[in-house]
Amino acid sequence: MRDLDCRPDTATHQKRQTGPSQAASGSRKAHPQPARLPPAIVNGERVLPSRYGAPAPLKRSRHKFIARVTMRMTGSSERQDVNTIDSGALDLTPINESMGAAFPPESLFPDFSPHVFAEAPLVGTMPYYDAEKGKLVSSIHGWTFRLDGKLVLVDTGRGRHQDKGLANAPFFMSLAAAGIAPSDIDMVLLTHLHTDHIKNNTQCIDGRWEPAFRNARYVVGRREYAHWQADGAGLALYPEQASILREAITPIVEAGQLDLIDDDAEVFPGLRAMQVPGHTATQLAFILENGPDTFLFAADSFHHPLQVYRPDWGSSLCEDRATAYRTRMSLLDFCASRNAVLLASHFGGTHAGLIHRRGEGYGFEPIAILARRSLHSKQEVESAGVSRHTA
Ligand SMILES: [Zn+2]
């Protein structure tokens with residue numbers, strides 16, 4: 001089928017950049033509809049409660065940091081101390097694709113004022129701001145975790161260097177470094193359908209786009225999926241996304257691997273969706289709870305940690321800045337009240353942090369998350385810095 005063709009003369013995807021406004025153009029076309037599923041998914045089969053016993057207990061890591069290490073970012077002499085937490089049996093791991101100085105602050109935040117760096121020096125230095133280049137640092141990454149025998153991947157990046165083969169594509173290299181083969185992934189959660197979150201969903205095989213995670217269910221919000229249909233508001237705003245969706249979503253639908261969920265669905269015990277509108281009208285966050293620990297995959301509700309200090313600064317990449325502001329305030333309150341770890345899609349550094357109340361507002365404390373498999377080499381971590389987890 002021509003739409004799934006990824007031969008070189010039709011594969012324009014490699015030139016695309018982050019964000020819908022920078023994507024290559026393409027024509028609109030309705031996508032095949034995935035099978036209708038009940039509100040609580042999963043996997044085309046009814047999941048028996050007995051398969052999901054009590055979650056494995058975690059160390060009370062949020063309350064007891066296990067180590068204090070030095071974070072050293074490539075290309076910077078800046079150093080800062082970062083607390084670390086043990087994600088225990090979750091084995092929570094960032095899957096990195098790219099990170100670097102990306103946006104002049106005023107281009108991403110029209111209301112930007114450098115005063116924020118005086119109020120919050122942390123976000124005005126590496127690994128969050130490259131003062132030499134005058135640009136905010138931005139990362140593209142996903143996360144993997146294990147819960148009750150399932151290996152879950154949250155978001156799949158933007159397909160960087162896939163044309164050189166998966167063995168040379170940074171996202172898949174990062175997966176391999178974590179000891180994960182694409183076929184190991186049981187579930188891919190997609191927070192929203194922008195290029196930089198879906199483009200490694202598929203790979204080019206014999207001239208066709210095919211699911212890259214062949215054993216996975218791909219999970220998308222029902223309303224987010226509709227948002228990007230031919231008559232949806234997303235494509236009306238960003239028609240250039242159509243060709244990307246044909247490459248990264250249509251093959252998943254045609255392979256019968258897409259599941260749609262409602263905004264508040266419990267994906268399975270310990271993992272639930274939550275609507276976080278603003279960046280797209282229908283974007284989802286995911287809340288992961290295990291023992292005493294709560295992690296919030298916040299999608300693009302935040303683009304940079306300076307928005308913790310200035311949540312009223314809307315991003316130029318958001319569909320509705322006023323709604324995005326209300327969402328940010330709600331998530332900041334959620335994280336501060338629950339001591340939840342904020343996992344934002346584009347933060348530099350460790351990509352993770354705790355949110356503290358600070359006067360009338362909030363502050364950001366970066367943390368590094370240690371996956372279980374890395375704990376045996378804690379010594380190595382301390383000597384090498386946490387960059388081995390984030391490189
Ligand atoms: Zn994004």
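Which residues of the largest nonpolar core touch the most other members? In this predicted model, that core holds 87 residues, and the ones that touch the most other members are Val 188, Leu 296, Phe 297, Ala 298, Leu 342 and Leu 343. Strand β18, which spans residues 361–370, supplies the largest share of this core, namely six residues.

The wider setting may be described next. The protein chain contains 13 helices and 18 strands. Of its 391 residues, 48% are buried. When contacts between residues at least 6 apart in sequence are considered, 71% of them join residues at least 24 apart.

Ala 298, one of the core residues named above, shows which partners such a position can have. Leaving aside residues up to four places away in sequence, Ala 298 touches Val 276, Ala 285, Leu 331, Leu 342, Leu 343 and Ala 344. Among these partners, Leu 342 and Leu 343 also belong to the group that touches the most other core members.

Attention now turns to Asp 300. This residue lies in a loop that runs between strand β15 (293–297) and helix α9 (306–309). Is Asp 300 buried or exposed? Asp 300 counts as buried because 25 C-beta neighbours lie inside 10 Å, and the cut-off for a buried residue is 20 or more.

The contacts of Asp 300, again without residues up to four places away in sequence, are with His 192, His 279, Gln 283, Ser 345 and His 346.

Definitions and conventions: Residues are numbered from 1 along each chain as its sequence is written. This is a predicted model: local features need pLDDT of at least 70, side-chain atom pairs count only at pLDDT 80 or more; totals for chains, interfaces and linings use all residues. Helices (H or I, at least four residues) and strands (E, at least two) are DSSP runs, numbered from the N terminus. A residue is buried if 20 or more other C-beta atoms lie within 10 Å of its own, exposed if 12 or fewer, and partly exposed in between; C-beta atoms are placed from the backbone. Two residues are in contact if their C-beta atoms, placed from the backbone, lie within 7 Å. A nonpolar core is a set of buried Ala, Val, Leu, Ile, Met, Phe, Trp, Tyr and Cys residues joined through C-beta atoms within 7 Å.
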